[in-house]
Every structure is written in C-alpha cells, then in structure tokens.
Amino acid sequence: MYSLPNLPYEYDALSRAISRDIMELHHTKHHQAYVDKLNAALDLAPGVAERDLESILTHLDAVPESVQTAIRNNGGGHLNHSLFWQWMSPDGGGEPTGVLAEKLDDHYGSFQQFVDSFNEKATGLFGSGWVWLMPDLEIITTPNQDNPIMDGQAKPLLGLDVWEHAYYLDYKNVRADYIKAWWDVVNWQRIADDYHQ
Ligand code: MN
C-alpha cells in the first residue's frame, strides 16, 4: 500500500513563491487524498497492486475497467505530486547550468524564451492539469492528473501543477502570477541530474 512521502523541506521553505498554508494543505489534504483513494482502488484489484506504480500507469489497459479511472486519477495524482515536491527546492530558482542550459538555448533561443513558452502553455491550459518539460525539451500539457507515461511517452523532466488547489489561497484566480513566482523555486539541480541520465 502507498503512503504519503515526506516533503524534502519544511512547509514554509518555499514561501517566497508558495505559502506555508498552501504547501501544508496541498500535501496533507490533496496528496493524501490521492494516496488514500489509490489504495482503496487497489484493494479492489489485488493482482494490480503487485506491480509498481509507474508500470501500472504505463499499462492502464491491463487494469480492470471497474477501477481504471480511479487508478488513473489517483495513481497519477500520487506520482505527479511525489515528483512535484522534488522539482522544487528552497535553494531553487535562477537558471540551469551545463548541458541542459545549452540544450534549452539551442531549442528555444534563450532560457527566457523557454520560460515564456512554458508560461504560455501553463496559462493557456483549460481547466485542471499539468504542464511538462519532456526529455526532448518539448513542452506538453495533460488534463487532470494524467502523466505523459500514460500515453506511452517518456517520463517528464519537470512538471507544474496548475490545478487551482495549487495556488488559489495565495494568488486567487490569477494563475499567471503563480506560474511567474514558481520559477523562483524550481530545483534545476535535480532536473539537470535527470537530464544527464
Ligand atoms: Mn496538486
């Protein structure tokens, strides 16, 4: 059975971009709910639970139809949030260095143009979902709690949660302000490490 992972920092560690209240609510209520509902769905499909989560989400067709949507939404929610916490850091922000920085420049012209493209996709995403930087440096979006691996795509390098629950307390309905502030806590070290693999 799955359990809520600890954050790699304190709830107030990202407060220059995301308040303590949002971090605590997002982690202890929203992420916890995905974990609980994932476990409840897996209880109804014992054979599925023996596989690891990424394998389950990569092959959702193999999951019994009665729990497929629940596992898609809550398994995706658990995986996405587990990654999201690691993609942020109190030491984050700034710009990447090394190979990733060079490749982003090659692909987008400059780091700022990459950020502008990402922001445009993030503000333009209708409803609730995620924006992803993929290993080929393309930027894509998914609805709900879908992760690109569900469509047979690679694991993303970076993702941004643009559900209202991720920012409403701090930024009300102004998603663009949340996105702009979020860059200040992006954990480029972690992302660059994954890019080298
Ligand atoms: Mn969320």
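Trainee: What relative accessibility does Pro135 have, and what does it count as?

Mentor: Residues are sorted by relative accessible area, found with a 1.4 Å probe on protein chains only: buried means under 20%, exposed over 50%, and partly exposed in between. Pro135 counts as partly exposed because its relative accessibility is 34%. This is a predicted model, in which local features need pLDDT of at least 70 and side-chain atom pairs count only at pLDDT 80 or more, while totals for chains, interfaces and linings use all residues. Residues are numbered from 1 along each chain as its sequence is written, and side-chain values use heavy atoms, with hydrogens and water left out.

Trainee: Where does Pro135 lie, and which residues does Pro135 touch?

Mentor: Contact means heavy atoms within 4.5 Å. Strands (E, at least two residues) and helices (H or I, at least four) are DSSP runs, numbered from the N terminus. Pro135 lies in the loop between S1 and S2. Not counting residues up to four places away in sequence, Pro135 touches Ala154, Lys155, Pro156, Leu157 and Tyr195.

Trainee: What do S1 and S2 form, and how many residues are between them?

Mentor: Two strands pair if DSSP finds at least two bridges between them. Strand S1 (residues 129-133) and S2 pair in the antiparallel sense over 5 bridges. Leu133 has Ile139 in S2 as its bridge partner, and Trp130 has Thr142 in S2. The two strands form a hairpin with 5 residues between them, and Leu137 in the turn has a positive phi of about 75°.

Trainee: In what order do the strands of the sheet stand?

Mentor: The open sheet has 3 strands in the order S2-S1-S3, with antiparallel pairing. Strands S2 (139-143) and S3 (158-161) are the edges, each pairing on one side only.

Trainee: Which strands does H6 touch?

Mentor: Directions are read from axes, which are lines fitted to C-alpha atoms, for helices over the stretch in contact; angles run from 0 to 180 degrees between N-to-C directions. H6 packs on the sheet and touches S1, S2 and S3, its direction making about 160° with that of S1. Asn119 is found in helix H6 (residues 111-124). Asn119 counts as buried because its relative accessibility is 18%. Leaving aside neighbours within four places in sequence, Asn119 is in contact with Ile179 and Trp183.

Trainee: At what angle do H1 and H4 pack?

Mentor: Helix H1 (residues 20-43) and helix H4 (residues 65-86) pack at about 145°, with their axes 8 Å apart. Residues of H1 in this contact include His26 and Leu38, and those of H4 include Gly77 and His81.

Trainee: Which residues are the protein donors of the manganese ion?

Mentor: Donors are N, O and S atoms within 2.8 Å of the metal (3.2 Å for Na, K and Ca); sites may look incomplete because water is not among the atoms. The protein donors of the manganese ion are His26 (NE2), His81 (NE2), Asp161 (OD) and His165 (NE2), at 1.9 to 2.1 Å from it. Their spacing in sequence is H-x54-H-x79-D-x3-H.

Trainee: Are Asp161 and His165 buried or exposed?

Mentor: Asp161 is buried, with a relative accessible area of 0%. His165 also counts as buried, at 16% relative accessibility.
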